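Reader: I am new to this structure. Can you show me how to read helix packing and pockets?

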Amino acid sequence: MPKTTRGTSTCATTLSGGATTASATDLIGPGNAALLSASELALLDGLAALGQTHLLEDWPAAGDGDADKRRLVDALSRTDAAYAGGLAKYVGRSRELLAASARGDNPFEGFAPSVPDGETLVFGGAGFGAAERDGLEAARKTGFVLVAGGLGERLGYDGIKLELPVELATGKSFLELYVDYVLAVQARARADSGDASLVVPLCIMTSDDTDAPTRALLEAEGDFGAEPGQIEIMKQDKVAALSDGNAKLAVDDDDRWALLTKPHGHGDVHSLMRSTGIAKKWRESYGLDYVFFFQDTNPLVLHTILPALGVSAKRGFSMNSVCVPRRAGEAAGAITRLAKAGDDDLVINVEYNQLDPMLRAATGDGDVNDPATGFSPYPGNANVLVLGLADYVATLHGEDLGVVDEFVNPKYKDDAKCDFKKPTRLECMMQDYPKLLRREVPGAKVGFTTFERWVAFSPAKNALDAARASSAKGEPAGAAGSAEFEVYAAHATRLGLATAGEVAATRTLSGVAGLFGGPKVVLLPSFALTQADVDAKVTPGSLDLDADAVLVLDGANIAVESAKVSGGLKVVNKRADASVVIRDLVVSNGGLDHVEIPDADIPAAKPFERIRGYKAVDAGVLVVEVAEPGHFLLSKDGQLTKLADEAEL
C-alpha cells in the first residue's frame, strides 16, 4: 500500500466541540423553553452537550421572533428524526470522519486488492441465455427499487428525469418504461407459476426535489397500469450541513434560524428500506428472495435484470453488482476484492483514483489493461445491484440500522484543516453496502456480473454542449440523444440488424457524432423479456428495414414472419385475448424523421427536445393497434384482417 501522509489539525484536538453542562433552558431562557415540548427540549439539551451551543445562544425573549425560533427547532427535529440514531449519532460520526480526513487517513490502508469472483456474460452466448432462463424463475420472487432522487439539471432540464422520454419513437417516459417492465415480469411470472395473484412490487426512492412531481406523474397516468399499492414511494431527507472540523451544525449566513441541510446520497435507500418496513414486508409477507436496485436514466439496464438474477441464483450471491468492461484509468469505479490479515475479504467498489495506487503498491504495475481483452480485469461498476433479501433484512436490522458507511469530503480553507470553504456533510453510496453485510452476515458471497456496454449501460446525464465535446473526442456522449440511439442500437442487434450495437455507418445529430446509423427499433418489455422471446417471435431473416426505418413492437402476442419497412411501423397488441401475425407485409411511408433544431432555436424548443438538439416529426408512421379479441393477420396492404380461427394463420 502507498504510504499515508498524515496531517495535523487544530480541530483534531478539540473534538468535544465546546460541549457544555448547561441545559437548553439555561441557554435559551425559561420563557423560550416554555414554548417547546419536552421532546424538543431534550433534543436541544443533547445538542448543547454536543457543543452546538451556537444554535441556542442569544435567543430573544419569548414573544419576540417566536416563529423564527419555531423554524429552527422544527428543522432540527426533522433532521434528528430522519437520521438513524438522530443528530447525536450524526455529529459523533461526523467528528470521527472529519478527524480522519484531517489526518489524511487512507480507508484502504492494509488491504491487498485482487479480482473478485464473478461472471462475464456475452450476448448471444449459451451462458447469457441460461442466465436469462434462470432469471425468469428468480424474477417471480423479486422486488424492484428505483433510486430517483435527482433532477435533470445536469442534462439541462429543470424537472424530474423520470418524466423525460427515453426515445422519441414511442415517447414513453423513463418511469413508464420501468413500470412497463415490472408489469411484463409480473404477467410472465403469473403465467409461468399459475398464480394469478402474484405481485411484483416496485419501490421508488424520491427526494425533496423529486417527491411531489413523481407522485403527480404517477397519479396523472394512473400508475401506468400498476395495481393499487404495487408502487410504493419512500422519500429520503437531507442531513445537517457542517461548517467546521468540529462538526458545527451550519446555519444560513443571512438567517440564523435557517438550518442548512444537504443531500446525504443514494446510500439512504438502505436505511429507508428498513425504516419504512418495506424490505421486511417483501421478505415476510410477499415471500421475495431478491431486490434489484437500479437508477433513473439508464434504459439499457432492463436487459441485465434477468441474467443478473440468474447469476445470483446460480452462484448464491448475497450481493451481485452489474458491471461493464472498463479500460484502465477510466474514470469509473471498479469492483475489487480487498484482503486484510485478520479480516474477512471485502468485495466492494473502489474508485479509479484509489485503485491505481493500491495496485501499484501490490503489483508494481498499477491499473493496466489485460492484453488479451484490452480491458482492465477489474470490472466497471454500473451502480446496479442484486441483493439476496434474507441477508439484506438481517443486515438492515443489525446495529447499523441500514446506514451504510459514510464519508466526508470537506474543502479546507487552510492547512489547519478546521474551517471549510463552504459547509460540507456526510455522504453515503448504496454500493458500499458490502461493509454492512460483512459485519452482520460474515461469509456472505459478494460477486459481479459483467455485460457488454452496449447491452447494459447508456446513462442519460450530460447536457448537449458536454455531449458534443465528448463525442468530438470519440468518448461516449452520455446524453439524452445518445442514450436514445443506443436503445435503437441494442434492439436492432437483438433482431440481427446490427452487431454488438453497431452498424458500419453512423450519424451525427445536432453536433453529437457517432450515433447509431441503423433502423430505429423499439422492442417493448411487453413484447419480449428475453432474447429467447425475440427469437421465438421473429423469424430469423424475416425483417428488411431501411436504415432510417422505425419499428415498434408492443405486446406479448405478436409474431413476425416477414416484413419490409421503408418508413415507420408501430404494432400494438395489449390484449391477452388477441394475437397478430405479420406476414408478407410491405410498408412504405414517410416514417419518423429526427430533425435537427438550429442552435438559435434550441432555447425555445420543448424541454425534452432542447436537451437533444433535435425533434421527431411523424411523416406518416403506420400504427396498427388491436382493439378486439381474436386472431389477426397483418399483411401486404397494411390492413389488419381478422381470421375465423387460429388455424387460418
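Author: Gladly. Keep in mind that this is a predicted model. Start with helices α3 and α4.

Reader: At what angle do the axes of α3 and α4 cross?

Author: The axes of α3 (residues 38-49) and α4 (residues 66-82) cross at roughly 80° and come within 11 Å. Angles of 65 to 115 degrees count as roughly perpendicular. The two helices α3 and α4 are therefore roughly perpendicular to each other.

Reader: Which residues meet where α3 contacts α4?

Author: From α3 come E40, L43, L44 and L47. They meet R70, V73, D74, L76, S77 and D80 in α4. The contact divides into five nonpolar, one polar and four charged residues.

Reader: How far apart are the axes of α6 and α11?

Author: The axes of α6 (residues 126-139) and α11 (residues 305-315) are 6 Å apart, and the angle is about 85°. So α6 and α11 are also roughly perpendicular to each other. In α6, F128, A131 and L136 are among the contact residues; the α11 side includes L306, P307 and V311. By class, this contact has nine nonpolar, two polar and two charged residues.

Reader: Now pockets. How is empty space found?

Author: A probe the size of a water molecule is rolled over the atoms, and this shows where empty space is left.

Reader: How much space lies in the second largest pocket?

Author: About 640 Å³. Its lining has 28 residues, with L183, A184, A187, S526 and A556 nearest the centre. Helices α7 (174-193) and α18 (531-537) each give two or more residues to that lining.

Reader: Which element gives the largest share of the lining?

Author: Helix α7, with eight residues. By class, the lining of this second largest pocket has 10 nonpolar, seven polar and 11 charged residues.

How values were computed:
Residues are numbered from 1 along each chain as its sequence is written. This is a predicted model: local features need pLDDT of at least 70, side-chain atom pairs count only at pLDDT 80 or more; totals for chains, interfaces and linings use all residues. Side-chain values use heavy atoms; hydrogens and water are left out. Axes are lines fitted to C-alpha atoms, for helices over the stretch in contact, and angles run from 0 to 180 degrees between N-to-C directions. Helices (H or I, at least four residues) and strands (E, at least two) are DSSP runs, numbered from the N terminus. Angles under 35 degrees count as roughly parallel, over 145 as roughly antiparallel, 65 to 115 as roughly perpendicular and the rest as oblique. Contact means heavy atoms within 4.5 Å. Ala, Val, Leu, Ile, Met, Phe, Trp, Tyr, Cys and Pro count as nonpolar, Asp, Glu, Lys and Arg as charged, and the others, Gly among them, as polar. On a 1 Å grid over the protein atoms alone, a cavity is a set of points where a 1.4 Å probe fits but cannot get out, and a pocket is an open set with protein on both sides within 12 Å along at least five of seven lines; lining residues have an atom within 4 Å of a point. Grid points are joined across faces, edges and corners, and a volume is the space filled by probe spheres set on the points.
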